[in-house]
Amino acid sequence: MQDRSHLVTSQSETARNCTLKLTGGCPSKDLLGASTATALSSTTVKLWIGNASMSINGVQQPIDAQGTTPVIVEGRTLVPIRAVIEAFGGSAAWESSTRKVTATLGKDSLDLWIDKPQASLNGTTLAIDAANSAVVPVITNGRTMLPLRFVAESLGIDVQYDAMTRMITLTYSKSTVALPADGSNLLLGNPSNAVHDSSSSPDNYLMDSGYYVLSYNRDRGEPNWVSWYVGSSSLGSTPRKDDFRADSTLPAGWYQVQANGYSGSGFDRGHNCPSADRTSTVAANSSTFLMTNMIPQAPTNNQQTWNNFESYLRSLVTQGNEVYVVMGSYGIGGTGSSSYQTTIDSGHVTVPAYIWKVAVVLTDGTKDLSRITTSTRVIAIDTPNINSIDSKWQAYLTSVDAIEAATGYDLLSNVPVAIQKVIEAGGGWSLTVQTQKGDVL
């Protein structure tokens with residue numbers, strides 16, 4: 001997730017494209033205001049601080065009949081929720097007994113309460129503004145006003161702010177891509193927006209082996225990242241195939257790293273998706289030995305630190321969990337068993353400086369993406385690619401945010417932004433050694 005700043009000083013914020021659908025009605029005492037908008041399938045709404053007008057796809061109209069305007073309270077922008085939502089064909093539900101507003105967008109449901117600094121996204125309690133508990137929904141002139149930045153991040157709204165004109169631009173568009181199903185190797189998202197186009201994206205080339213998905217970097221001769229799922233169905237009794245080989249599915253004319261390409265370099269052929277994570281069938285295990293799944297990895301890093309972490313994650317699966325994993329590398333230069341090197345294989349393969357992994361752990365179940373909350377266990381490590389590395393992977397715990405800062409990737413892009421903000425910062429798991437149900441990291 002990219003860092004989001006306060007709306008008034010932020011640049012363009014790009015979030016997930018979703019179909020806006022808000023359900024529920026209002027009681028006779030309607031604090032959300034009467035409908036003034038026409039439902040449109042693709043809409044851009046513009047509002048101005050202190051201005052009672054709004055623009056819907058370039059057509060100017062009043063926000064409501066009584067002149068409600070967006071305002072800044074406690075340094076945060078509040079907007080009249082009904083006018084904004086109905087401009088996109090949705091509705092908002094008002095519950096007078098609890099003074100609650102409920103907005104539902106696709107699979108996400110957001111509850112906010114008047115004068116309360118907490119909200120609930122899919123049943124998970126969130127602070128509206130961790131830096132300022134005075135930022136709350138309010139009723140102004142009989143209209144419900146909600147904190148724009150928080151609602152936007154929670155429900156996937158694209159927001160831009162022009163400080164010169166004090167204009168807010170909100171954009172919703174219907175998603176044309178369905179979210180991946182349970183067990184998908186890309187359930188968490190496509191970290192670098194890789195595409196399967198060799199001409200436009202030779203260094204961010206999307207490849208799907210059927211058993212893991214990766215972004216391949218032609219110029220580095222290795223993957224930028226690899227993403228895969230590990231569940232009980234992934235593990236079996238198939239022995240390790242050890243059939244290292246070039247990947248013939250690379251585009252014509254691209255250099256294919258051969259099975260012996262790392263020979264004599266002092267670096268292991270380090271798997272991204274591990275062989276032991278794919279033991280259900282011979283085909284599954286064999287797929288992990290394609291050289292497009294390899295990086296030059298210092299032997300101690302590969303055989304001890306990384307092996308210990310991989311084994312730990314598989315032990316979680318055998319205890320009734322499922323794990324979604326993204327792994328990658330960045331930087332140039334590492335120290336293998338013999339010396340420091342920046343490239344091997346006659347310059348065709350870059351030796352990375354750091355190797356990282358992020359694992360999202362869920363108990364066995366269904367609707368996995370919707371079960372990721374601010375309490376979900378996320379483990380992130382970032383290790384130097386050196387042979388003198390500590391064998392204990394716990395020594396290299398970090399945060400998803402730190403890995404994103406180092407790589408420029410958006411690692412959990414399919415997770416609601418408000419939840420990303422918590423689990424990517426650490427979420428209590430990736431930065432500290434904790435015990436859960438007798439399990440010590």
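Helices (H or I, at least four residues) and strands (E, at least two) are DSSP runs, numbered from the N terminus. The structure is a predicted model, in which local features need pLDDT of at least 70 and side-chain atom pairs count only at pLDDT 80 or more, while totals for chains, interfaces and linings use all residues. Residues are numbered from 1 along each chain as its sequence is written, and side-chain values use heavy atoms, with hydrogens and water left out.

Helix H2 covers residues 148-155. Burial here means under 20% relative accessible area, with exposed residues over 50% and partly exposed ones in between (1.4 Å probe, protein chains only). By this criterion 8 of the 8 residues of H2 are buried, so the helix is largely enclosed by the rest of the structure. The buried residues include Arg149 and Glu153 as well as Leu148, Phe150 and Val151. Gly156 follows H2 and has a positive phi, near 80 degrees.

Helix H4 comprises 20 residues, 299-318. The expected span of a helix is 1.5 Å times one less than its number of residues. Just after H4, Gly320 has a positive phi of about 100 degrees.

Strand pairing was assigned where DSSP finds at least two bridges between two strands. An open sheet of 5 strands has the order S3-S2-S1-S14-S13, and its pairing is antiparallel. Strand S3 (59-62) and S13 form the edges, each pairing on one side only. From one strand to the next the twist averages 20 degrees, with axes taken as lines fitted to C-alpha atoms (for helices over the stretch in contact) and angles running from 0 to 180 degrees between N-to-C directions.

Within this sheet, strand S1 (residues 43-48) pairs with S14 in the antiparallel sense over 6 bridges, and Thr44 has Thr171 of S14 as its bridge partner. S1 also pairs with strand S2 (residues 53-56), again in the antiparallel sense, over 3 bridges. Met54 in S2 is the bridge partner of Leu47. Strand S14 spans residues 167-172 and is mostly covered, with 5 of its 6 residues buried. Strand S13 (residues 158-162) runs antiparallel to S14 and is joined to it by 5 bridges, among them a pairing in which Thr169 of S14 is the partner of Gln160. S13 and S14 form a hairpin with 4 residues between them, and Arg166 in the turn has a positive phi of about 55 degrees.

Strand S20 (residues 321-330) is mostly covered, 10 of its 10 residues being buried. Asn321, Val323, Val325, Met327 and Ser329 point one way from S20, whereas Glu322, Tyr324, Val326, Gly328 and Tyr330 point the other way. S20 is joined by 6 bridges to strand S17 (residues 222-230), and the two run antiparallel; Trp225 stands opposite Gly328. Strand S25 (residues 354-363) is likewise antiparallel to S20, with 10 bridges between them, and Tyr354 of S25 stands opposite Tyr330.

Ser192 lies in the loop between S14 and strand S15 (205-208). With 18% relative accessibility, Ser192 counts as buried. Apart from neighbours within four places in sequence, Ser192 is in contact (heavy atoms within 4.5 Å) with Asn204, Ser215, Trp225 and Tyr409.

Most residues other than glycine have a negative phi. Asn193, in the loop between S14 and S15, has a positive phi near 55 degrees. The relative accessibility of Asn193 is 60%, and the residue counts as exposed. Asp115 has a positive phi of about 70 degrees although it is not a glycine. Asp115 is found in the loop between strand S8 (108-113) and strand S9 (118-121), and at 44% relative accessibility Asp115 counts as partly exposed.
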